[in-house]
Every structure is written in C-alpha cells, then in structure tokens.
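This briefing concerns the single protein chain displayed below.

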Amino acid sequence: MLKTALIPHARLPRAHHSRHILTSTGDVFGAAHWLLAERAPQPGGDVQRFDGLVVSIHPGGNVELT
C-alpha cells in the first residue's frame, strides 16, 4: 500500500499541533482526516487505551471534531 502525506493537500489546524498524529487520510469527498492522541504510543507490550480525537477539514474550510 502506498502512503502519501497530507501536507501538500491539507494542514492540521494549529489548535491541535500539541497532539500526536496516529494516522491521517483523505476521503473521496475531498476532506482530510487526522486521528490524534494526547501522547505517542509506547513501543512493546499491550496497547493502552486512550482518548482519541478525529479532526476533519472539509473542502470549504469547515473543521469538524469527533
């Protein structure tokens, strides 16, 4: 699978720069989505539960938080 960074296409709003980006993607409607966490996952062992935040930027510039 080919991975492409979203930087040439969309930018994460500055208000969320302090969070760790777990993954990002774009959809067929032109929106960009980021899955964010408070901290980076630690290597090894079981993955601890975490609260996540999905930030979506729509083509018109609207920001949606989930």
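Glu38 is exposed, with a relative accessible area of 53%. The model in which this residue is placed is a predicted one. Glu38 takes part in a salt bridge with Arg19, and a search of the whole structure finds one such bridge.

**Salt bridge**
- The side chains of Glu38 and Arg19 meet at 3.0 Å, N to O.
- Glu38 lies in the loop between strand E2 (32–37) and strand E3 (52–57), and Arg19 in the segment before strand E1 (20–26), so the pair ties together parts that are 19 residues apart in sequence.
- Arg19 counts as partly exposed, at 27% relative accessibility, whereas Glu38 is exposed at 53%.

**Fold and confidence**
- The protein chain contains four strands and zero helices, and its pattern along the sequence reads β-β-β-β.
- The mean pLDDT of the protein chain is 81, and 82% of the residues score at least 70.
- Among the elements, E3 has the highest mean pLDDT (92) and E1 the lowest (87).
- Where pLDDT is low, the predicted coordinates should not be read in detail.

**Burial, surface and contacts**
- The protein chain has 66 residues, of which 23% count as buried.
- Of the contacts in the protein chain with a separation of 6 or more, 27% are between residues 24 or more positions apart.

**Nonpolar core**
- Eight residues form the largest nonpolar core: Ala10, Leu12, Ala32, Trp34, Leu36, Leu53, Val55 and Ile57.
- Strands E2 and E3 are the elements that give two or more residues to this core.
- In soluble globular proteins, nonpolar side chains tend to be buried together.
- Val55, a member of this core, is in contact with residues beyond its neighbours within four places in sequence, including Leu12, Ala32, Trp34 and Leu36.
- Other contacts of Val55 include Pro13, His16, His33, Val63, Glu64 and Leu65.

**His33**
- His33 has its place in strand E2 and is buried, with a relative accessible area of 19%.
- The side chain of His33 makes a polar contact of 2.9 Å with the side chain of Asp27.
- Between the C-alpha atoms of His33 and Glu64 the separation is 9.3 Å, although the two residues are 31 residues apart along the chain.
- Both His33 and Glu64 are among the residues in contact with Val55.

Note on methods:
Residues numbered from 1 in each chain as written. Predicted model: local features only at pLDDT ≥ 70, side-chain atom pairs only at ≥ 80, totals over all residues. Heavy atoms only, no water. Salt bridge = Lys/Arg side-chain N within 4 Å of Asp/Glu carboxyl O. Buried < 20%, exposed > 50% of the residue type's maximum accessible area, 1.4 Å probe, protein only. pLDDT = per-residue confidence, 0-100. Contact = heavy atoms within 4.5 Å. Core = buried A, V, L, I, M, F, W, Y, C linked by side-chain atoms within 4.5 Å. Polar contact = N/O pair within 3.5 Å; in protein donor to acceptor, adjacent residues only side chain to side chain.
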